[in-house]
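The exercises below are meant to be worked through with the sequence and the structure side by side. Try each task before reading its solution.

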Amino acid sequence: MPTVPWGSARIGPHLGVGDNDRVSGVSSSRAWFERAGAVTPGGVNSPVRAFSAVGGTPRFMASGSGAWLTDVDGNEYVDLVCSWGPMLLGHAHPEVIAAVTAVAARGTSFGTPTTPEVELAEEIVARTPADSVRLVSSGTEATMSAIRLARGFTGRDLVVKFAGCYHGHVDALLAQAGSGLATLGIPGTPGVPDDATKATLVLPYNDRDAVTAVFEEYGDRIACLITEASPGNMGVVPPAPGFNAFLAETCTRYGALFISDEVMTGFRVSRSGQWGLDGAREGWKPDLITFGKVMGGGFPAAAFGGRADVMSHLAPLGPVYQAGTLSGNPVASTAGLTTLRLATDEVYARVDEVARIISGAATEALSAAGVPHVLQANGNMFSVFFTEEAVSDYAAASAQDIGAFKTFFHAMLDRGVYLPPSAFEVWFCSAAHDDRAVQRVLDALPTAAAAVAAEGDR
Ligand SMILES: Cc1ncc(COP(=O)(O)O)c(C=O)c1O
């Protein structure tokens with residue numbers, strides 16, 4: 001059985017067409033995948049990691065540093081997944097690692113209040129419209145708890161969500177969700193009882209008429225509307241101008257709570273997340289807001305928060321129960337706090353710049369090769385749809401040419417660029433993407449675009 005060659009990674013990609021993974025030298029990843037498959041369903045602990053949508057062997061990563069990942073075979077990649085969003089500063093940022101190491105040496109979990117969780121909550125409250133936050137361990141827990149609180153606060157049952165928006169694997173929210181369900185073409189999932197989704201109303205994204213109609217019919221029974229603050233789980237599909245403000249107003253008019261899910265956008269698209277790009281400028285606030293990813297700095301930490309009067313319904317102040325053995329864990333809180341403190345205006349400026357350069361070069365290369373595509377961006381989050389028309393909802397996102405993405409993905413991987421292994425995900429950059437890393441991506445793009453064009457000609 002192979003062992004992980006920690007610290008023995010070779011520098012530079014090991015390229016060359018040879019097997020069905022197209023890159024030579026993935027034998028250790030392949031062996032680990034087989035070994036994993038014997039003890040874990042599909043060999044992975046989260047479905048999209050299995051490469052089911054793109055084929056080939058998932059790369060088992062041995063280490064990450066800045067913008068770079070090194071797999072167990074020693075292949076080096078520029079990372080455009082960034083752990084699906086959290087690694088805003090890049091991998092193994094020295095100050096984050098030092099802070100985490102120091103706190104871990106004093107003990108990793110006590111089941112009591114600790115000071116890092118207070119400081120992390122203060123940092124979040126200072127940056128966002130939330131009056132207070134409760135820390136949890138995953139984005140799924142955050143959205144699940146926010147919905148429970150909304151139902152407890154309003155005394156109503158119905159939840160409104162949008163097709164293509166993913167809010168974690170919460171039973172009530174797995175109706176027409178994006179992310180892995182979109183990747184794998186799963187509309188809902190067995191194991192979720194009808195009763196769990198019967199109270200969920202699913203609407204097309206960006207469709208004001210559909211929102212108005214559903215509130216006119218069910219307004220007095222709707223507990224909350226939850227939306228990704230700017231969807232990234234069907235690829236990047238930004239809200240039409242004023243759409244979030246319209247949702248907030250509609251909820252207020254009907255006494256429902258507006259939940260803005262900022263698990264992906266929070267602390268990534270700006271220091272105050274998506275709200276910093278729209279709500280803060282337009283003068284509205286969500287009633288509840290959920291966070292995850294960046295605020296954990298690569299550790300399991302997430303949060304939900306919002307209006308003081310709503311949050312006071314949570315136990316121990318109020319009757320709505322919610323708890324967690326590892327919630328507010330001092331190591332995870334320290335990683336998140338250090339990350340947020342380091343996420344300065346300069347960091348956001350660099351991430352924005354890297355996103356602009358890479359997205360611009362991607363669309364240029366695809367256009368030059370004559371490949372139909374649409375590039376969509378929201379701040380520094382962007383993705384490419386292999387389709388002809390702008391994408392404003394899940395139906396349009398689903399109509400893209402998945403085969404073209406698959407070819408493009410593997411051509412990039414062959415050239416040492418690690419894209420998300422799904423056509424329905426964001427390409428994430430970090431402030432650690434320096435000129436050398438960006439150049440690797442720019443060098444790979446024309447060949448990958450040509451590979452898609454050649455496939456189309458066949
Ligand atoms: C917008 C959004 N909400 C919730 C979640 C769930 O977060 P987690 O995977 O930490 O449970 C995700 C995960 O990708 C997400 O993108």
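**Exercise 1.** How many Å separate a polar side-chain atom of Lys293 from an oxygen atom of the ligand? Keep in mind, while working, that this is a predicted model.

*Solution.* Start at Lys293, where a polar side-chain atom lies 3.0 Å from an oxygen atom of the ligand. Continue with Thr140, which also places a polar side-chain atom by an oxygen atom of the ligand, here at 2.6 Å. Then turn to Asp261, whose polar side-chain atom lies 2.7 Å from a nitrogen atom of the ligand. Taken alone, the ligand exposes 390 Å², and the protein buries 82% of that area.

**Exercise 2.** Describe the shell of residues around the ligand by class.

*Solution.* First list the residues around the ligand, among them Ser138, Gly139, Tyr166, His167, Glu228 and Met264. Then sort the shell, which comes to 3 nonpolar, 6 polar and 3 charged residues.

**Exercise 3.** Work out in which order the strands of the open sheet follow one another, and which helix packs on the sheet.

*Solution.* Begin with the order, which is E1-E2-E3-E13 for the 4 strands, with mixed pairing. The edge strands, each pairing on one side only, are E1 (61–65) and E13 (417–418). Next look at E2 (residues 68–71) and E3 (residues 76–79), which run antiparallel and are joined by 3 bridges; Thr70 stands opposite Glu76 in E3.

Notes:
Residues are numbered from 1 along each chain as its sequence is written. This is a predicted model: local features need pLDDT of at least 70, side-chain atom pairs count only at pLDDT 80 or more; totals for chains, interfaces and linings use all residues. Side-chain values use heavy atoms; hydrogens and water are left out. Two strands pair if DSSP finds at least two bridges between them. Helices (H or I, at least four residues) and strands (E, at least two) are DSSP runs, numbered from the N terminus. A residue is near a molecule or strand if one of its heavy atoms lies within 4 Å of it. A polar contact is a pair of N or O atoms within 3.5 Å; within protein, one must be able to donate a hydrogen and the other to accept it, and residues adjacent in sequence count only if both atoms are side-chain atoms. Accessible areas come from the Shrake-Rupley method with a 1.4 Å probe; for residues, only the protein chains shown count as cover. Ala, Val, Leu, Ile, Met, Phe, Trp, Tyr, Cys and Pro count as nonpolar, Asp, Glu, Lys and Arg as charged, and the others, Gly among them, as polar.
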